[in-house]
Amino acid sequence: MLCLMKGMLLKQVFALSRAATPRESHLCAAGGALVSCHRHYRSRPTHGIGRFKYLLPKEAPKKKKDKVQMKEIDVGTEHEYGDLNIQMTSYDMCLVEHFAQYVHRLCNQLSVRVKESYAMPTKTNEVLFLEERGSKMQLDAVLTTHQRVVQISGLSSTFAPILLEVIQSNQPEGVHLLVKEHTEADFKSRLKSRPELEELLAQMS
Amino acid sequence: LSSWLPQMVPFRGSHWQSSLLGLRASLLMRAQPKKKKKVDVKREQAQKDRMKKKIKKLEKAAPEMIPIEDFIAPLKYSDNSRVRSLPPLSFEETERRVLLMKKWCLFKQKQDKAEKQAIQTLVAAQQEALKELRLESEELYQAAIRRDEGLFPYEREGPSYSPPLPGYDPPEGKCVDITKVYTQ
């Protein structure tokens with residue numbers, strides 16, 4: 001850029017010096033830096049040359065890390081249920097995932113509004129059993145319990161039993177189904193515990 | 001000491017008391033129990049302020065979600081050195097597979113359509129029943145439309161592969177929860 005500028009400057013200076021008289025030449029040379037700028041005036045045909053941002057697709061605004069906030073819990077009216085959690089639990093992860101996907105798609109097709117579809121943290125259990133001839137506990141297996149939740153809202157009271165019937169009839173073996181209302185406690189169980197904060201709060205009160 | 005004039009009455013320690021301003025302070029300084037109370041209150045206040053500051057600082061940090069272990073692939077599976085080499089399939093085998101897949105797709109489509117049809121008939125039958133009920137009595141209709149409070153929570157175990165064995169005696173044992181506890 002600088003060498004371009006310099007080159008431009010030199011050219012300008014030479015042009016001016018050739019055109020003007022020697023008395024004015026040093027004045028033009030002094031104003032050469034101001035004259036040789038790259039602005040394209042609005043009246044010139046070169047106005048707007050080099051613009052390209054308007055041609056690119058609009059990119060989403062840079063999102064800052066969203067604070068994990070609880071969405072408002074819908075209570076529901078007399079004829080509609082509020083936020084309902086369809087919780088599917090099983091030892092088999094693939095099965096429960098596929099079932100959760102099926103339930104989500106079913107709700108989409110039946111135009112039941114799906115608010116959220118998430119996974120609960122995995123629980124691990126060690127199953128120990130007492131040996132027949134002995135007092136020592138033997139490790140039998142390490143089982144992982146997986147849970148998926150599909151949160152729906154605005155289910156009408158007449159359609160609820162039909163939906164439950166359909167979900168039940170397609171329930172695979174080993175998958176435990178639980179449909180309950182969404183509460184704040186359910187949301188809090190997904191967050192990490194803060195023992196220091198709780199300790200300080202207990203000390204304060 | 002009803003009429004006590006500070007200037008007139010000389011008290012015991014007056015020889016080292018030069019100004020009247022220091023009078024109150026000196027009396028308090030000498031009485032030991034009063035000193036403890038003041039400093040204690042200050043200290044307690046300072047402690048409380050510090051705790052409040054700490055709580056504010058901790059509360060500022062947004063609560064984090066517990067990471068789901070299901071979605072984090074263990075590192076040993078990211079090793080690309082193990083590659084499966086399958087034998088090439090014969091033409092008949094590929095044809096058989098493709099035809100089988102087509103049959104399966106058709107079967108599933110029919111199943112799905114049948115399910116959707118069943119749902120539609122259920123809804124239609126329900127609507128008709130409600131219409132008839134409305135003609136019968138408005139009160140019952142309104143009661144039927146209302147949501148059922150006793151429906152949720154609704155729990156159901158999945159069907160089992162085989163019925164429970166009669167007279168099965170399970171071994172004694174226990175379950176130990178070894179889930180990793182995440183703290184912020």
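Which residues does A:Thr89 touch, not counting residues up to four places away in sequence? The views below begin with that residue.

This is a predicted model: local features need pLDDT of at least 70, side-chain atom pairs count only at pLDDT 80 or more, and totals for chains, interfaces and linings use all residues. Residues are numbered from 1 along each chain as its sequence is written, chains are lettered from A and ligands numbered from 1 in the order in which they are written, and side-chain values use heavy atoms, with hydrogens and water left out.

**View 1. A:Thr89 and its neighbours.**
A:Thr89 sits in strand E2 (residues 84–90) of chain A. Helices (H or I, at least four residues) and strands (E, at least two) are DSSP runs, numbered from the N terminus. A:Thr89 touches A:Val96, A:Thr145, A:His146, A:Gln147, A:Gly174, A:Val175 and A:His176, leaving aside residues up to four places away in sequence. Contact means heavy atoms within 4.5 Å. With one of these residues, A:Gln147, the side chain of A:Thr89 makes a side-chain polar contact at 3.4 Å. A polar contact is a pair of N or O atoms within 3.5 Å; within protein, one must be able to donate a hydrogen and the other to accept it, and residues adjacent in sequence count only if both atoms are side-chain atoms. A:Thr89 counts as buried because its relative accessibility is 18%. Buried means under 20% relative accessible area, exposed over 50%, and partly exposed in between (1.4 Å probe, protein chains only).

**View 2. The contact of chain B with chain A.**
Chain B gives 52 residues to the contact, and chain A gives 67. About 5,600 Å² is buried between the two chains, and carbon and sulfur atoms give 61% of that area. Buried area is the accessible area (1.4 Å probe) that two parts lose on being put together, summed over both. The rule finds 29 residue pairs in polar contact across this interface (both at pLDDT 80 or more). On the side of chain B that touches chain A, helix H2 (32–60), helix H3 (91–136), E1 and strand E2 (173–177) of chain B each supply at least two residues.

**View 3. B:Arg147 at chain A.**
B:Arg147 lies in the loop between helix H4 (138–145) and strand E1 (154–156) of chain B. What does B:Arg147 touch, not counting residues up to four places away in sequence? The list is A:Val75, A:Gly76, A:Thr77, A:Glu78, A:Glu80, A:Tyr81, A:Gly82, A:Ser157 and A:Glu181. A polar atom of the B:Arg147 side chain lies 2.9 Å from the backbone oxygen of A:Glu80. The side chain of B:Arg147 also makes a polar contact with the side chain of B:Glu149 (3.4 Å). B:Arg147 is buried, since its relative accessible area is 14%.

**View 4. Salt bridges between the chains.**
A salt bridge is a side-chain nitrogen of Lys or Arg within 4 Å of a carboxyl oxygen of Asp or Glu. By this rule there are 12 salt bridges over all chains. Across the interface of chain B and chain A, the rule finds 2. A:Arg148 forms a salt bridge with B:Asp70, with the closest N and O atoms 3.0 Å apart.

**View 5. A bridge within chain A.**
The side chains of A:Arg190 and A:Glu116 meet in a salt bridge (3.6 Å, N to O). A:Arg190 lies in the loop between helix H6 (184–188) and helix H7 (195–204) of chain A, and A:Glu116 lies in strand E3 (residues 113–130) of chain A, so the pair ties together parts that are 74 residues apart in sequence. Is A:Arg190 buried or exposed? A:Arg190 counts as buried, at 10% relative accessibility. A:Glu116 is partly exposed, with a relative accessible area of 22%.

**View 6. B:Glu93 and two arginines in helix H3.**
B:Glu93 meets B:Arg96 in a salt bridge (3.2 Å, N to O). These two residues are 3 residues apart in helix H3 of chain B, so about one helical turn separates them. B:Glu93 also meets B:Arg97 in a salt bridge (3.2 Å, N to O). B:Glu93 and B:Arg97 are 4 residues apart in helix H3, about one turn of the helix. B:Glu93 counts as partly exposed at 23% relative accessibility. B:Arg96 is partly exposed at 49%, and B:Arg97 is partly exposed at 45%.
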